[in-house]
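User: I am new to reading protein models. Could we study this one together through questions and answers?

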Amino acid sequence: MLKFEAIHLQSTSPFPTSALVFIIRDNNYKTQVSKSRNQIRISSSSLIITSSYPNKDIWRKSDNNNNEKTKHSSSSPVLHKKSDNQHQNHHHHRQVYLDHSVDMDELISSIKKTSTPQELFALMSIYKGRQLSLRFMVSLLSRESDWQRTLALFDWMIEEAMYKPSVFAYNVVIRNVLRAKQWELAPGLVDEMRQRAISPDKFTYSTLITHFGKEGDFDSALSWLQQMEQDRVTGDLVLYSNLIELSRKLGDYSKAISLFSRLKRAGITPDLVAYNSMINVFGKAKLFREARQLFHEMRSFGVAPDTVSYSTLLSKFVEDKRFVEALSIFSEMKEVKCPLDLTTCNVMIDVYGQLDMAKEADRLFWSMRKMAIEPSVVSYNTILRVYGEAELFGEAIHLFRLMQSKDIEQNVVTYNTMIKIYGKSLEHEKATNLVQEMQKRGIEPNAVTYSTIISIWGKAGKLDRAATLFQKLRNSGVEIDQVLYQTMIVAYEKAGLVAHAKRLLHELKRPDNIPRETAISILVGAGRTEEAMWVFRQAFDAGEVKDISVFGGLIDLLSRNKKQTNVIEVFEKMRGAGYFPNSNVIALVLNAYGKLREFEKAEAMYKEMQDEGCVFPDEVHFQMLSLYGWAGDFTAVESLFERLDSDPNIDKKELHLVTASVYERGNRLDDASQIISQINKRGISNTLPSS
């Protein structure tokens, strides 16, 4: 339905703010995409009716090309005068362009002075016979920054000057409207291109995908990518890499893996940056075998893993507390003589500390300068923590004071580490004094500082001081994070004050001083399923659940407490919000479907995630095998077994053992025996490629 609406244009518009204008708006824009761009185009030009608009002074260059300018009210601002003889020498059958006779800068300046489409049309009227080439006009469009003038100029080209529409011109217009965040115009412009038999090209889609992606509208970005692939337009490495990096930043690792698969299917060879990004993604998704295999794939394509490749994988192993494997990667890194960097050293100091190898950590820290690597505050903080955990309190205190005597940067983490060390050595007052010292030095305590002090006081039996500090913090407006809340809850429970702990947990159902996402995480950490689900539903309905880890953490808690229906509820909300589950969540959801005997839904999810390009750990595949067995679908068991048996990345011995177990449970003992016999006949052990 069309309606006329009288409005005053905002001051940012190129059209006069004082003029009362009437704009036709289509309330059904979203459902009438095919009409949308035409209506938008009209509203930016001929149907904008102003009560009046000022006549503009139009300037043109003088004949002798000097800086003097002559006022003119209706003709071109920028034409150099040409002699009659010059015009007569042109061939009649060729279009003669005036590109080199027109000062583009001056023409752009004149266009910027126009306030309405009518003024712009009048200004450009002298070129109505297409005296300017399409290349010139596209350049003109690209240099116009205002999206409304861009549309008006484009409309003049097509409707008045009758230029043939081109993909180049459309790409510029689409870029300009997206830069101005006029998101609703893009689909209409693309639809108009198609109506005019112009196919969007790589640059069209790249512009759409990049701008929607940067805006955080990932669903729209992926929708345009899907459209690009349907149109058989090949993207490039930069486009896919940007989307992969965006997925990674959003914590949507399955989607990143899917995009990486699509990149390779498109025949694009990843570069070092893309591979390093995917090592990060596979590590974050806890697909460590796949991350290791990327090193082999890189080398097969002639891409040598670098320091970033190794340090990224090292960091992911450490995040997952796989310290022995991290040590193995570090050894390999040294074997291939890959140079160490600051990140590698910092990670390995931590790894040595976690493996109770304090001497090795100490040796690496003090050898950094010999390798021309200047230790950072992170290096100092890490070795301080290693000293503390090894109960080398004297070394820790000496290094802490050495940093101060040599003016080496100290931060809140440095002080938090030392406070914890003093607490561990039962020097509670020194720990408290450090809080005052850091404040005097202008280093503000954070939630970790306070939670550490509260924990120290709780262990020292000074619960009244801990509770008083906690209450002061809540009243002061300091951000109360989940660590601080849980520390206080644990302190109350250890002191036997269960009612106080329950009161804090109950308050989280209606949090007024922390985000509801944080409240959910606290309740999950405390193992409170009912309260966590209650807050989750409220927060989700209000659109406040943005962190993918909140979904994963809640699903993990619900699964551990056998709340299978709730697992499915959270998972469906997660998918509805556009998030991809990681492999751990997929395994838990498959388990929930199995417990609820909803085998068809389990199979549908398994296949959907595979179609999306998700890479599963072996356990997920084996779980699906078991579910087929529970459902009595042994045809599906046999089919999946054969597919997995031909996959070089699957642990063959484990596959045969799991499949035999499935047949045994189904009382198909002959099939089970046949599967087991294959292990010996084929000499199956672990047929994975060595890393």
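User: Which residue with a positive phi follows helix 11?

Analyst: This is a predicted model, in which local features need pLDDT of at least 70, side-chain atom pairs count only at pLDDT 80 or more, and totals for chains, interfaces and linings use all residues. Residues are numbered from 1 along each chain as its sequence is written, and side-chain values use heavy atoms, with hydrogens and water left out. Helices are DSSP runs of H or I with at least four residues, strands are runs of E with at least two, and both are numbered from the N terminus. The residue after helix 11 has a phi near 75 degrees, and this residue is Gly251.

User: How far apart are the end C-alpha atoms of helix 11?

Analyst: The expected span of a helix is 1.5 Å times one less than its number of residues. Helix 11 covers residues 237-249, which is 13 residues, so it should span 18 Å. The model agrees, as the distance between its end C-alpha atoms is 18 Å.

User: Which helices do the buried residues of helix 11 pack against?

Analyst: A residue is buried under 20% relative accessible area, exposed over 50% and partly exposed in between (1.4 Å probe, protein chains only). The buried residues of helix 11 include Leu237, Tyr240, Leu243 and Ile244. Contact means heavy atoms within 4.5 Å. The packing partners are helix 9, helix 10, helix 12 and helix 13.

User: Which residues does Leu140 contact, leaving aside neighbours within four places in sequence?

Analyst: In soluble globular proteins, nonpolar side chains tend to be buried together. Leu140 is in contact with Met104, Leu107, Ile108, Ile111, Met124 and Leu153.

User: At what angle do helix 29 and helix 31 pack?

Analyst: Axes are lines fitted to C-alpha atoms, for helices over the stretch in contact, and angles run from 0 to 180 degrees between N-to-C directions. The axes of helix 29 (residues 548-560) and helix 31 (residues 583-595) are 10 Å apart. The contact is made by Gly552, Ile555, Asp556 and Ser559 of helix 29 and Asn584, Val585, Leu588 and Asn591 of helix 31. The packing angle is about 35 degrees.

User: Is Ala372 buried or exposed?

Analyst: Ala372 is found in the loop between helix 18 and helix 19. Although it is not a glycine, Ala372 has a positive phi of about 65 degrees. Its relative accessibility is 74%, so Ala372 counts as exposed.

User: How does Lys286 count at 48% relative accessibility?

Analyst: Lys286 lies in the loop between helix 13 and helix 14, and its phi is positive, near 60 degrees. At 48%, Lys286 counts as partly exposed.

User: Which residues does Thr312 touch, not counting those up to four places away in sequence?

Analyst: Thr312 is found in helix 15. At 13% relative accessibility, Thr312 counts as buried. Thr312 touches Asn276, Ile279 and Asn280.

User: What percentage of the residues of the chain count as buried?

Analyst: The chain has 36 helices and five strands. Of its 691 residues, the part that counts as buried is 49%.
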